[in-house]
Amino acid sequence: MASTKYAGTVNAPELPSDLEWLNTQKPLALSDFRGKVLILDFWTYCCINCMHIIPHLRRLEARFPEELAVVGVHSAKFDQERSTENIRQAILRYGVSHPVINDYDMRVWQSFGVRAWPTLIYIDPQGKVVGKSSGELTFDEGEPLIAEMVREYEVAGLLDRAPLSFALEKTPDALLSFPGKILADGVGQRLFIADSGHHRILVTDLEGKVTTFIGSGDEGLADGTLDGAQFNRPQGMALDGEVLYVADTENHAIRRVDLAQGIVETIAGTGRQGKGPSAGGEAAEIDLRSPWDLVLIENELHIAMAGTHQLWTLDLTTFNMWPSVGSGAENITDGPSRTAALAQPSGLAEEGGVLYFADSETSAVRSADLSKDRVTTLVGRGLFDFGDSDGPGADAHLQHPLGVDVREGTIYVADTYNSKIKRIDLGTGNVTTVTGTGEQGLVDGTSLQAQLYEPGGLSVLGGWLYVADTNNHAVRAVELLTGAVMTVDVGI
């Protein structure tokens with residue numbers, strides 16, 4: 001083995017047996033992966049870069065089903081992410097099909113000397129560390145690397161191609177699966193629900209009766225009729241009459257749905273995940289990175305581009321697009337639009353020509369006044385500053401908010417990891433809780449009783465706030481006057 005290029009020289013630290021595991025019936029040891037090329041994927045489920053790597057690992061696992069094994073090591077950033085049940089929901093939401101260990105106290109992280117999310121550790125068939133890489137590994141980068149390892153280990157007689165089997169977590173069989181965003185339409189008296197886990201959009205009346213399915217439900221990128229088109233974990237939406245725009249997040253694309261004609265078409269993105277900075281250009285030629293939410297202002301579609309830590313603008317006349325807010329650096333820095341730093345913007349709303357966005361990785365809500373070329377932070381301080389406290393914006397804390405909407409000087413916030421809905425008064429800057437006890441659950445009732453579970457999107461209509469209650473696979477309606485919550489009976 002010493003003569004091969006990918007010979008490890010140091011034994012990998014053993015995986016602790018007292019930590020909790022998912023997608024397997026029992027804790028696993030390195031010896032369970034003898035004879036395999038083993039990748040340890042250090043991740044945390046809030047991180048967009050970690051999300052980006054999951055489909056590439058899935059493709060590598062499919063390409064080398066007998067030779068490669070992957071173990072996810074979930075080393076949490078946020079307090080909410082230390083819970084095994086919350087990680088279970090995340091691996092179901094993202095389609096993770098390999099074993100995952102809950103490294104809640106960062107023991108495995110520290111034993112391997114990891115410093116950043118995501119980091120991959122490569123271990124040879126004898127349990128020795130071969131190397132590591134930080135950042136987003138793509139399939140095209142990983143495939144030749146793993147293929148070369150497999151060839152060397154096969155020649156050395158180290159491979160064991162016996163299949164591995166695991167006990168995968170199961171998603172409840174329900175009409176909705178991890179709904180990410182929601183859009184309430186007052187003119188049409190209907191709801192548009194991003195049924196993200198089922199790769200489709202549902203159109204319902206305000207009582208939840210489904211009138212239209214947009215998308216076949218099969219994961220993919222295909223234009224065509226409403227029942228034949230394919231999406232990949234769609235999120236935010238914007239409506240212009242009978243035209244619906246969709247942020248097709250994991251296809252890295254923007255889709256246009258003509259509801260009157262029953263046709264879906266791709267208007268931005270190639271279907272490939274972008275890499276590195278981009279100055280923009282012709283929309284159909286640009287590799288986008290995880291568009292997460294949309295707002296339409298006149299003839300411009302504004303996009304929360306979570307994967308580049310920016311807001312982008314798509315001109316619907318010329319079909320050119322460009323980064324309009326954010327330098328691309330991941331941080332929380334105010335100032336001129338193009339030099340400000342954002343951190344995974346995931347929710348977007350507009351009032352009076354000002355964009356308001358949930359800057360999730362800094363647990364912040366911020367504004368971008370394009371006419372004044374200015375980004376301002378309303379709530380939030382830093383990448384590792386989060387919590388659950390109301391009060392003046394300078395003192396308040398959120399935890400990884402994903403959704404915002406704004407009406408008449410009030411911003412409503414899906415405070416996702418606190419499982420609450422909050423409001424920000426733009427006049428005073430004060431932050432108050434609208435509803436939610438902070439305990440995770442599916443409980444209707446008064447604002448002091450109601451429970452949600454990682455809500456991801458919201459939309460105001462009249463005196464009601466409609467909520468995509470993601471981990472409850474449900475839509476909730478909040479009476480804004482009282483904070484009382486009811487579950488919308490979404491059904492056929």
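Predicted model: local features only at pLDDT ≥ 70, side-chain atom pairs only at ≥ 80, totals over all residues.
Colleague: How much space lies in the second largest pocket?

Modeller: The second largest pocket holds about 460 Å³ of space. It is lined by 25 residues, and those closest to its centre are L183, M237, L294, V295 and D405.

Colleague: And how does that lining divide by class?

Modeller: The lining of the second largest pocket has 14 nonpolar, six charged and five polar residues.

Colleague: Let us turn to the largest pocket. How much space lies there?

Modeller: The space in the largest pocket is about 830 Å³. Two or more residues of its lining come from each of α1 (48-63), α2 (84-94) and α4 (139-155).

Colleague: Which residues lie nearest its centre?

Modeller: Of the 43 residues that line the largest pocket, M51, P55, E250, H252 and Q273 lie nearest its centre. By class, the lining has 20 polar, 12 nonpolar and 11 charged residues.

Colleague: Which element gives the largest share of that lining?

Modeller: That element is α1, with seven residues.

Colleague: Which of its residues are buried?

Modeller: The buried residues of α1 are I48, N49, C50, M51, H52, I53, I54, H56, L57, L60 and E61. M51 is also among the residues nearest the centre of the largest pocket.

Colleague: What covers the buried residues of α1?

Modeller: The cover includes the helices α2 and α4, together with the strands β3 (37-43), β4 (68-74), β6 (119-123) and β18.

Colleague: A change of topic: how many aromatic pairs are found?

Modeller: The whole structure contains seven aromatic pairs. In one of them, F78 and Y417 have ring centres 5.5 Å apart and planes at 85°, so this pair is edge-to-face.

Colleague: Where do F78 and Y417 lie?

Modeller: F78 is in the loop between β4 and α2, while Y417 is in the loop between β28 (410-415) and β29 (420-425), so the pair ties together parts that are 339 residues apart in sequence.

Colleague: Are these two residues buried or exposed?

Modeller: F78 is buried, with a relative accessible area of 0%. Y417 is buried as well, at 4%.

Colleague: What else touches F78? I am thinking of S360.

Modeller: S360 does touch F78, and its other contacts, beyond residues up to four places away in sequence, are A343, Q344, S346, H400, P401 and L402. S360 sits in the loop between β23 (354-359) and β24 (364-369), and it counts as buried because its relative accessibility is 0%, under the 20% limit.

Colleague: Which residues form an aromatic cluster?

Modeller: One aromatic cluster is formed by F42, W109, F112, W117 and F384. W117 is also joined to P118 by a cis peptide bond, with omega about -20°. P118 itself lies in the loop between α3 (107-111) and β6.

Colleague: Where is a positive phi found in a residue other than glycine?

Modeller: R233 has a phi near 50°, and so does S419. R233 is in the loop between β12 (224-225) and β13, and it is buried at a relative accessible area of 10%. S419 is in the loop between β28 and β29, and its relative accessible area is 0%, so S419 is buried.

Colleague: Lastly, which residues is S196 in contact with?

Modeller: Neighbours within four places aside, S196 contacts S177, F178, P179, G180, R233, P234 and Q235. S196 lies in the loop between β9 (190-195) and β10 (200-205), and at 4% relative accessibility it counts as buried. Its C-alpha is 8.5 Å from that of R93, although the two residues are 103 apart along the chain.

How values were computed:
Residues numbered from 1 in each chain as written. Heavy atoms only, no water. 1 Å grid on protein atoms, 1.4 Å probe; cavity = no way out; pocket = protein on both sides within 12 Å on 5 of 7 lines; lining within 4 Å. Points joined across faces, edges and corners; volume = space filled by probe spheres on them. Helix = DSSP H or I, 4+ residues; strand = E, 2+ residues; numbered from the N terminus. Nonpolar A, V, L, I, M, F, W, Y, C, P; charged D, E, K, R; others polar. Buried < 20%, exposed > 50% of the residue type's maximum accessible area, 1.4 Å probe, protein only. Contact = heavy atoms within 4.5 Å. Phe/Tyr/Trp six-rings, centres within 6.5 Å; stacked < 30°, edge-to-face > 60°.
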